[in-house]
Amino acid sequence: MNSAQASDHGPGIVVAQNGLGKVSVCPCGVLTLTVACVSLRFEPAAFQELAQLVGRVPTAGLTAASAVVVDAGCDGSPVH
């Protein structure tokens with residue numbers, strides 16, 4: 001994405017959302033992943049690769065407390 005494309009983003013349509021964050025899609029096709037206070041924009045192919053990567057993470061042993069840590073960084077305090 002070049003700098004001209006970066007400024008052409010309009011309001012996104014939320015396509016998925018839960019307690020952790022949301023995914024929205026811009027009319028130009030760029031997807032925005034928002035988790036807590038961090039937003040990342042992806043071209044569709046890059047987002048698909050990210051989704052595949054996250055889908056490979058073993059979830060055995062993870063707890064709900066793992067997701068709570070994300071909120072700690074929104075005020076500038078250390079996450080860990």
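This briefing covers selected residues of the structure above, grouped by topic.

The model is predicted, and local features therefore need pLDDT of at least 70, side-chain atom pairs count only at pLDDT 80 or more, and totals for chains, interfaces and linings use all residues. Residues are numbered from 1 along each chain as its sequence is written, and side-chain values use heavy atoms, with hydrogens and water left out.

**Strand E2**

- Ser 24 is found in strand E2, which spans residues 21-25; strands (E, at least two residues) and helices (H or I, at least four) are DSSP runs, numbered from the N terminus.
- With a relative accessible area of 11%, Ser 24 is buried, where buried means under 20% relative accessible area, exposed over 50% and partly exposed in between, computed with a 1.4 Å probe on protein chains only.
- Leaving aside residues up to four places away in sequence, Ser 24 touches Gly 12, Ile 13, Val 14, Val 15, Val 30, Leu 31 and Thr 32, a contact being heavy atoms within 4.5 Å.

**Loops around strand E4**

- Ala 36 is placed in the loop between strand E3 (31-35) and strand E4 (38-42), and Ala 36 is partly exposed, at a relative accessible area of 30%.
- Although Ala 36 is not a glycine, its phi is positive, at about 55 degrees. Most residues other than glycine have a negative phi.
- Glu 43 lies in the loop between E4 and helix H2 (44-55) and is partly exposed, its relative accessible area being 37%.
- The C-alpha atoms of Glu 43 and Thr 32 are separated by 9.0 Å, the two residues being 11 residues apart along the chain.

**Aromatic pairing**

- A search of the whole structure finds one aromatic pair. Phe 42 and Phe 47 form this pair in an edge-to-face arrangement, with 5.9 Å centre to centre and 70 degrees between the planes.
- Rings of Phe, Tyr and Trp (its six-membered ring) pair if their centres lie within 6.5 Å, and planes under 30 degrees apart count as stacked, over 60 as edge-to-face and the rest as tilted.
- Phe 42 is buried, with a relative accessible area of 16%.

**Cysteines**

- The count of disulfides comes to zero, a disulfide being a pair of cysteine sulfur atoms within 2.5 Å. Cys 26 is in no disulfide, and the nearest cysteine sulfur, that of Cys 28, is 3.4 Å away.
- Cys 26 is buried, at a relative accessible area of 9%, whereas Cys 37 counts as partly exposed at 48% relative accessibility.
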